Amino acid sequence: MSVFLDNAATSFPKPDAVYQAMDAAMREVGVAPGRGGYRQSLAAARIVFEARSALARFFGVSDSSRLVFTHSATESINIAVFGLLKPGDHVVSTSVEHNALSRPLHLAAKRGVEVTFVASDPCGVVSEQEIARAMRPNTRLVALAHCSNVTGAVQPIAEIAHIARRGGALFLVDAAQSAGFFPIDAEAMGIDLLAAPGHKGLYGPPGTGILAVAQGITLEPLQVGGTGGSASAPEPPEQMPERLESGTINTPAIAGLKAGLEFVEATGLDVIRAKETALVGQLLEGLSGIAGVRLYGPLQGERGAAVSFNVEGHDPAALGYLLDAEYDISVRVGLHCAPDVHRSIGSFPEGTVRVSPGFFNTESDIDFFLKALREIIS
């Protein structure tokens, strides 16, 4: 019995429609969008346009040209950070960020940007009052993850968006763990820059991501080159999304992402979240009943679908290895590309065992995992 419980890294399996859409895009279209006036190229451009429009509607972006395709949420964050910030600017972030955000901010600090990392509580939740206290007259950006990939802790982004707006700063949200799980309306929630991957809660393939950029914000491109239009100009185009989309778009992957989004919408975000929340509840209850287990993050209330724990006297890496080798159960162990989170919750440097069920998991999968863990630690 093979059980995949690492959906916080990449959701698996994908809906069948995702595989079918990618195969059709390769076999039946197979060319670059925006690089020709012939039928195949126009068909590729139509795939990209329809996917962009659908994602813009899903995330509450009224102008779909402000939604940029990237290869990952990491690339989206890099475009936002390095395209916006200048030496002398100040950023407020938190002590519980993934490296996708913390590393660009540390690099920006080396280039003259001031960064304040606000500490979280022991569960990984940051107080909006602490965010407000960290604001300065030169604060250009407030940047943080909506939901932790380690603890499942959810930040109060509506309140933080209000604080950022009141202080004259822009608000960047890393939605890697929340897109496709929590409803997100960027414009209604006051999110100026929204970064999300396609390969997690949206059920698209790896190598896909989006960056939504609010009206009135002009970012310097992270890279420049061919855009299919404005070819005679030596500078990158001003119009969006071409300004931030140099190079050939990955049309088959975007076709798969569109199919993944259609699955989410057809199934219902509330249905997906209810099932994953029930599996997380089953997991938390089962782990709480095992002697020696220490759970991290919120145990009650709103949370994401990632559960981290350790077992007294057992190395998390060894537990992960045994779960895989002896039971064919896939979990994530270590620091999960988020060492600052582990420093904040007290699990550094060993990290934790992370279990992240997805929509295609079952109650039987969780029962099997709990049984396997009991056998290993006994």
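**Close-up 1. D23 and R27 pair up in a salt bridge.** In this predicted model, the closest N and O atoms of D23 and R27 sit 2.7 Å apart. Both residues belong to helix α1 (residues 16–29), and they are four residues apart, about one turn of the helix. D23 counts as partly exposed, with 36% relative accessibility, while R27 is exposed at 68%.

**Close-up 2. R52 and E245 form a salt bridge between distant parts of the chain.** Here the N to O distance is 2.8 Å. R52 comes from helix α2 (residues 39–58), whereas E245 lies in the loop between β8 (209–213) and α8 (251–267), 193 residues apart from R52. Are these two partners buried or exposed? R52 is buried, at 9% relative accessibility, and E245 is buried too, at 8%.

**Close-up 3. K258 meets E262 within helix α8.** Their side chains make a salt bridge of 2.7 Å, N to O. Four residues, about one turn of the helix, separate K258 and E262. E262 is partly exposed, with a relative accessible area of 41%. In total, the structure holds 11 salt bridges.

**Close-up 4. Helices α10 and α12 pack against each other.** Helix α10 (residues 316–327) meets helix α12 (residues 363–377) at an angle of about 115 degrees, with their axes 10 Å apart. That makes α10 roughly perpendicular to α12. Their crossing is right-handed. On the α10 side, the contact is made by L319, L322, L323 and Y327; α12 brings residues including F368, F369 and L373. By class, this contact has 10 nonpolar residues, one charged residue and no polar ones.

Terms used:
Residues are numbered from 1 along each chain as its sequence is written. This is a predicted model: local features need pLDDT of at least 70, side-chain atom pairs count only at pLDDT 80 or more; totals for chains, interfaces and linings use all residues. Side-chain values use heavy atoms; hydrogens and water are left out. Axes are lines fitted to C-alpha atoms, for helices over the stretch in contact, and angles run from 0 to 180 degrees between N-to-C directions. Helices (H or I, at least four residues) and strands (E, at least two) are DSSP runs, numbered from the N terminus. Angles under 35 degrees count as roughly parallel, over 145 as roughly antiparallel, 65 to 115 as roughly perpendicular and the rest as oblique. A crossing is left-handed if the near helix is turned anticlockwise from the far one by less than a right angle, and right-handed if clockwise. Contact means heavy atoms within 4.5 Å. Ala, Val, Leu, Ile, Met, Phe, Trp, Tyr, Cys and Pro count as nonpolar, Asp, Glu, Lys and Arg as charged, and the others, Gly among them, as polar. A salt bridge is a side-chain nitrogen of Lys or Arg within 4 Å of a carboxyl oxygen of Asp or Glu. Buried means under 20% relative accessible area, exposed over 50%, partly exposed in between (1.4 Å probe, protein chains only).
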